[in-house]
Amino acid sequence: PSDIEGNMESARVIDLIPWMEYEFRIIATNTLGTGEPSMPSQRIRTEGAPPNVAPSDVGGGGGSNRELTITWMPLSREYHYGNNFGYIVAFKPFGEKEWRRVTVTNPEIGRYVHKDESMPPSTQYQVKVKAFNSKGDGPFSLTAVIYSAQDAPTEVPTDVSVKVLSSSEISVSWHHVTEKSVEGYQIRYWAAHDKEAAAQRVQVSNQEYSTKLENLKPNTRYHIDVSAFNSAGYGPPSRTIDIITRKAPPSQRPRIISSVRSGSRYIITWDHVKAMSNESAVEGYKVLYRPDGQHEGKLFSTGKHTIEVPVPSDGEYVVEVRAHSEGGDGEVAQIKISEMSTPFMPQTGEIASSSEMTALIIKVYLKVFLKSDKAHKTLQQQPNSVLEALSFF
């Protein structure tokens with residue numbers, strides 16, 4: 001009550017929530033102000049009452065084969081209004097008169113799944129939910145229309161093919177099934193030495209016809225199959241395809257043995273990478289020429305052990321070299337160059353230890369020298385004397 005006379009010693013409090021604990025305090029007031037509140041009273045609980053609020057957001061549908069899934073938003077505890085709180089779920093096929101009812105006794109649950117092997121798939125149902133407690137039932141919610149679960153796909157994806165891309169990647173493709181209820185496709189794959197139960201799974205939408213499997217083990221046999229799925233479950237898998245991933249790329253990184261400037265170009269030379277017996281053979285080299293501190297740049301491919309790149313006009317550039325094989329790219333070797341870089345050459349002991357390396361060094365210097373004006377004049381005067389041209393070194 002908003003106003004209580006000063007000589008009153010009791011008051012009636014109305015519009016309290018049923019089945020709720022309360023405490024009370026009394027505060028005296030006059031024209032000069034308000035006094036301190038009293039100590040709180042002992043807690044009391046109001047009497048229970050039937051619920052007067054209906055659950056909201058009633059809906060559902062879908063689920064596994066021969067299921068009807070019904071969902072709603074559970075009522076918060078302040079609306080339970082008594083002991084033995086729960087829900088009554090009513091449902092019937094659209095157009096029928098009799099409602100089937102089930103009781104859900106857990107007040108925190110907002111879901112009920114009805115299983116019936118005779119239930120037709122994708123059938124329209126009417127559903128409604130109400131709360132109850134020991135004092136009685138509350139009102140039903142608004143009636144919602146949902147559909148029972150559709151059947152899982154029955155067709156098998158056809159023309160499944162696999163292409164090995166590297167030591168760790170493969171591409172899988174397939175033809176779609178004709179069933180309209182398909183929501184996507186699942187690709188299973190597992191190593192031959194593992195059990196099928198350990199298979200890893202990748203799911204794609206029904207718009208996809210292929211996918212890439214990554215992070216596979218090198219030189220390993222894998223089993224692969226494809227199946228269609230929808231909300232009701234998975235269809236039968238395709239025939240199992242067996243593939244073997246490529247051997248791992250070379251673990252040895254290229255060893256850069258020289259970096260020589262020739263006019264507006266740098267000539268970078270590296271030693272040949274030899275693959276181990278369990279690694280893929282080297283097919284060539286990839287060279288990335290990029291500004292220092294950036295990841296993007298210009299990518300070159302070559303079958304040689306040398307490459308020419310422009311002299312940087314501003315700042316430092318990084319030249320990355322890696323071996324390429326059918327198993328993928330190997331480890332990276334890199335060198336930094338700039339407009340003011342000094343030539344990079346290996347130590348004398350390294351040259352003496354490898355005749356092949358020595359030949360490469362001579363080849364690089366010869367290439368640089370033959371571009372000079374002095375070499376042109378010498379070769380014009382004595383075209384048959386290459387050794388005399390080399391004496392300028």
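**View 1. Three strands make an open sheet in the order β5-β6-β9, with antiparallel pairing.** This is a predicted model: local features need pLDDT of at least 70, side-chain atom pairs count only at pLDDT 80 or more, and totals for chains, interfaces and linings use all residues. Residues are numbered from 1 along each chain as its sequence is written, and side-chain values use heavy atoms, leaving out hydrogens and water. Strands here are DSSP runs of E, at least two residues long, while helices are runs of H or I with at least four, both numbered from the N terminus. Two strands pair if DSSP finds at least two bridges between them. At the edges sit β5 (56-60) and β9 (111-115), each pairing on one side only. Strand β6 (residues 67-73) is joined to β9 by five bridges, and Thr69 stands opposite Val113 in β9.

**View 2. Another open sheet has three strands in the order β13-β14-β17, again antiparallel.** Its edge strands, β13 (158-164) and β17 (210-213), each have a single partner strand, so one side of each lacks a neighbour in the sheet. Five bridges tie β13 to strand β14 (residues 170-175). Look for Thr158, which stands opposite His175 in β14.

**View 3. Confidence is lowest in helix α1 (residues 348-352), with a mean pLDDT of 39, and highest in strand β15 (residues 184-191), at 98.** pLDDT is the predictor's confidence in each residue, from 0 to 100. The chain averages 88, and 87% of the residues score at least 70. Over residues 385-393, pLDDT is below 50.

Definitions and conventions:
Contact = heavy atoms within 4.5 Å.
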